Amino acid sequence: MSNLQAPILQMDNIHLFYDTVHALKGVNFNLFRGEIHALVGTHRAGKSSLVKILSGVEQKSSGAILLHGKKIDYITRKTAAQHKIGMIFQDPSTISSMNTIASIYLGNMVGKRQKLITLNKMKREVEYLYEKYNIHIPFKRFLGQNTQSEQHFVEVLQVLMQEPEILILDELSNRFKPSEMEIIYPIIFNFKKIGKSVIYISHNMDETMRLADRVTVLNDGYYMGTEQIKGLDNMRLIKLTHSFTLSRHQLEQENIELYNLKKYNEDILQNIPSGVIILDTKNDVYLINAAAATIFAITDSEEHLESSIEDFFKATDFLEKDVVLEKLNDRKLHTVEKINIGDNKTLRLTIIPFRNADKKFIGTIILIEDITQELNLREYLLRAEKISSIAELAAGVAHEINNPLGIVKNYIDIMKVSDLPEESIQSLGKVEKEIIRITGIVSNLLSFSKSPGFEFKNVDLIAIMNEVIILLTHSLKKKNVP
């Protein structure tokens, strides 16, 4: 990359508004062919907003964009792909119901009449991508059956299949393990080697120093400057990243470490498995970590920052919000059980007000646990316990009934060998038959207690109906039923 060549991308005085929020305030950025250009800044600096304009997700409010020297006024997702701009977003965007090949090939489908050829072509091209980029994912599985890492790699392959000339990577190291990033880094360096360009967003200063040729720093939507990585060290980069805030408060060198600690603590909160929402003194949302965003099915947590917790609850289909709001306003430690989200999710919320050394209230932490599976397991165990108790009761009843039935059967056997009229012998036969039938029912109760499973067999419906008629004959005669 040489600064003597003209940039392939130039963004001048870019402004962006989200309703009344001024997200980008006159940002400048350019990119050369064969360059890895890092974009850094503090939380909500405007990094993602700037590249979302290039990918067609957002539209600039004002400013100029030049691509290969030609002015572009309006970029959509479709035209971004036509301009060979590919972006891997910070938040997942795959469709779990699609299989791996279809997901990777998304946006490149052809007509149904070429279906067989298309499937073969898709398979060949995906296999080529696997070998080229050293990424291997099962072909036929649905994305929802893949691991989280495999789903992330599908998004990478989706973009690489479009063969972009400008590749944008937004906080990729937040989604991949260090060992998986070792697959991503060669892809980035190879883009540079073959004359393509990369815009790399990262909060990791060491990673930025290792990868980038240049770095542009944003802070609170302002353009702070662009520097060559050569000649920079980590502390100088940290100073640039925080220069706006530091100069305003005239902080000394040691205060940089405080900002690093703050960022480190925020990273910890973002990566813990439990959901965390932090509120300020007015109950406005200050931070939503990744686990909370997953629980509430939020695609962009930054949209909810600085909004009231009540508005957040309304936007996320949060039932029983009045109970939680009452506890929040109480400013005491509370645990709220069985809060319902939608139709099939149950949460446990722990509300923790926190205060400074002077006991002054400075905000609230809400810990969120998805206890849906816990409750389902508890209900299953309770049902299993009830069934076990019923089975035990059935076994006891069966044993108690069997004893008198055996005695009655013995007396019938004795009476049958006695000298009785033919009619009495026939009646004894009917009684014996019913005793045998009762014994069968009791055996079924014992079988239920042992839970041996079900057995299906053919039955003679006519014989069953004849038995029913015999049993009912006496009652019908008493009631003069012909």
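Student: Before the labels, what are the ground rules?

Tutor: This is a predicted model, where local features need pLDDT of at least 70 and side-chain atom pairs count only at pLDDT 80 or more, while totals for chains, interfaces and linings use all residues. Residues are numbered from 1 along each chain as its sequence is written, and side-chain values use heavy atoms, with hydrogens and water left out.

Student: How many helices and strands are in the chain?

Tutor: The chain has 16 helices and 15 strands. Helices (H or I, at least four residues) and strands (E, at least two) are DSSP runs, numbered from the N terminus.

Student: Why is T346 called buried?

Tutor: Buried means under 20% relative accessible area, exposed over 50%, and partly exposed in between (1.4 Å probe, protein chains only). T346 has 12% relative accessibility, so it counts as buried. T346 is in strand β14. Across the chain, 39% of the 482 residues count as buried.

Student: What is T346 in contact with, leaving aside its neighbours within four places in sequence?

Tutor: Contact means heavy atoms within 4.5 Å. On that basis T346 touches K338, I339, N340, E369, D370, I371, T372 and L375. For the chain, take the contacts with a separation of 6 or more: residues 24 or more positions apart account for 57% of them.

Student: Which residues of helix α13 are buried, and what puts them on the same side?

Tutor: In α13 (residues 321-330), the buried ones are V324, L325 and L328. They cover an arc of only 100 degrees around the axis, and that puts them on the same side of α13. The arc is that of the directions from the helix axis to the C-beta atoms. On the face turned away from the buried side sit the exposed residues D322 and E326.

Student: And what covers the buried residues of α13?

Tutor: The cover includes β11 (275-279), α12 (309-315), β13 (334-341), β14 (345-355) and β15 (361-370).

Student: What makes D220 and K25 a salt bridge?

Tutor: The rule asks for a side-chain nitrogen of Lys or Arg within 4 Å of a carboxyl oxygen of Asp or Glu. For D220 and K25 the N to O distance is 3.5 Å, so the pair qualifies. D220 lies in the loop between β9 (214-219) and β10 (222-228) and K25 in strand β2, so the pair ties together parts that are 195 residues apart in sequence. D220 is partly exposed at 39% relative accessibility, whereas K25 counts as buried at 19%.

Student: How do you know that E35 and R214 belong on that list too?

Tutor: Their closest N and O atoms are 2.4 Å apart, so they meet the cut-off. The pair links distant parts of the chain, with E35 in the loop between β2 and β3 (36-41) and R214 in strand β9, 179 residues apart. E35 is buried at 0% relative accessible area, and R214 is buried at 7%.

Student: Where do E369 and R348 lie, and what makes them a salt bridge?

Tutor: Their side chains meet at 3.6 Å, N to O, so the rule holds. E369 lies in strand β15 and R348 in strand β14, so the pair ties together parts that are 21 residues apart in sequence. E369 is partly exposed, with a relative accessible area of 34%, while R348 at 14% counts as buried. Salt bridges that share partners join E337, R348 and E369 into one network.

Student: How many salt bridges does the rule give?

Tutor: The count comes to 6 salt bridges.
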